[in-house]
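I opened this entry to record what I looked up in the model. The notes follow in the order in which I made them.

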Amino acid sequence: MTSSPSPKPATTPGDDASPRSGRRKVLLAAPRGYCAGVDRAVIAVEKALEQYGAPVYVRHEIVHNKYVVKTLEKKGAIFVEETGEVPEGNIVIFSAHGVAPVVHEEAKRGKLASIDATCPLVTKVHKEAVRYAKEDYDILLIGHEGHEEVIGTSGEAPEHITLVDGPEDVANVDVRDPDKVVWLSQTTLSVDETMETVDALKGRYPNLLSPPSDDICYATQNRQIAVKQMGAEADLVIVVGSKNSSNSVRLVEVALGAGARDAHLVDYAEEIDEAWLEGVGTVGVTSGASVPEVLVHGVLDWLAQRGYEDVETITAAEESIHFSLPKELRRDLRAEAKAATEG
């Protein structure tokens, strides 16, 4: 990915600007943007194109970001909705959101070589679903209906999993044995929303079992914590991200819940409405976990041109997690796919 010049150095917290004062400044959230899972998935597509040449097919958007998808398309990636759209003997990459086992079977039947770019944290939830299904639990999956991650996780044990789409959906839940029920969750949800749903479920099922570790991904949590910290001071929060990005949409909600007067989601700086700046002294800026930093710099440049040149970084956590690339990139997948078609 390309990069833009870094923003001006951060001002020192506690300087002469009080929260919501008339002086124009930007609060820049840290961490923001790419998480380790997204970075791994995007690099997997880039490496596959370098290693095997175009075209390389990707089932669904590799991550939910318009800019990333368009950039990879220019390099030779072809995005498809279903595995069946990929011609025999080609390479297909599964997105960071994960897929159900049936999709892997479809790829084998279609004589395709596959690269699984599923985020390891999503894979963890898949394994938990398989484990609890084997132990004959009813699994309550907290998430949004139709989201790719939810579809993939549900496919691991469809006869055991019931989707719970928020606290208001709890009344519709029915289980076989209230003493043998566990909850899992989509990794990109709002932490607060998830726990509200869990509390409502525990009101019905006091013996509800929690997963061995929190399913909400570290990156989602860290970005939400940073937004909460700056939302209390910001008149306006701009979240860079695409509308089909669950974690980006949640950041807007978290900002408003934290006290920001206004908050908006944009893919590019050009989408910002200057009317949003009316009466605004402090602008908070952050980005979803699938957003490259170049888009954030575009927003900072746009704001600087309108007088918001002071940038103060609000740091909620330091991130140092890295995931290794999919093991399939260490094999000659073109040769494997060709052998499959000839076999």
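**Helix pairs**

I began with a pair of helices: the crossing of H7 and H8 is right-handed. The model is a predicted one. H7 covers residues 218–231, and H8 covers residues 246–257. I noted an angle of about 30° for their packing, with the axes 9 Å apart. Angles under 35 degrees count as roughly parallel, so H7 and H8 are roughly parallel to each other.

I then listed the residues in the contact. From H7 they are Thr-220, Arg-223, Gln-224, Val-227, Lys-228 and Gly-231. From H8 they are Asn-247, Arg-250, Leu-251, Val-254 and Ala-255. Sorted by class, this contact of H7 with H8 has four nonpolar, four polar and three charged residues.

Next I turned to H1 and H2. Their axes come within 10 Å and cross at roughly 10°, which means that H1 is roughly parallel to H2. On the H1 side I found Val-42, Val-45, Glu-46 and Leu-49, which meet Val-68, Leu-72 and Lys-75 in H2. The residues of this contact divide into five nonpolar, no polar and two charged.

**Cores**

Which residues have the most contacts inside the largest nonpolar core? I have Val-45, Ile-62, Val-63, Ile-93 and Ile-115, in a core of 32 residues. Elements that each supply at least two residues of this core include the helices H1 (36–52), H2 (66–75) and H10 (333–342) and the strands S2 (56–59), S3 (77–80), S4 (91–94) and S5 (113–116). The largest share, nine residues, comes from H1.

I followed up Val-63. Leaving aside neighbours within four places in sequence, I found Val-63 in contact with Val-38, Ala-41, Val-42, Val-68, Val-69, Ala-96, His-97 and Ser-290. I also noted a second, separate core, which has 24 residues, among them Leu-28, Ala-269, Leu-303 and Val-311. As background, nonpolar side chains in soluble globular proteins tend to be buried together.

**Thr-83**

Is Thr-83 buried or exposed? I put Thr-83 down as buried, because its relative accessible area is 3% and the cut-off for buried is under 20%. Thr-83 is in the loop between S3 and S4. Not counting residues up to four places away in sequence, Thr-83 touches Arg-59, Val-103, Glu-106, Ala-107 and Leu-112.

**Backbone**

Pro-31 lies in the loop between strand S1 (25–30) and H1. Another joins Ala-54 and Pro-55, again with omega about 0°. Pro-55 is in the loop between H1 and S2.

His-60 sits in the loop between S2 and H2, and counts as buried because its relative accessibility is 13%.

At 36% relative accessibility, I recorded Asp-136 as partly exposed.

Conventions
Residues numbered from 1 in each chain as written. Predicted model: local features only at pLDDT ≥ 70, side-chain atom pairs only at ≥ 80, totals over all residues. Heavy atoms only, no water. Core = buried A, V, L, I, M, F, W, Y, C linked by side-chain atoms within 4.5 Å. Buried < 20%, exposed > 50% of the residue type's maximum accessible area, 1.4 Å probe, protein only. Helix = DSSP H or I, 4+ residues; strand = E, 2+ residues; numbered from the N terminus. Contact = heavy atoms within 4.5 Å. Axes fitted to C-alpha atoms, helices over the stretch in contact; angles between N-to-C directions. Parallel < 35°, antiparallel > 145°, perpendicular 65-115°, else oblique. Left-handed = near helix turned anticlockwise from the far one by under 90°. Nonpolar A, V, L, I, M, F, W, Y, C, P; charged D, E, K, R; others polar.
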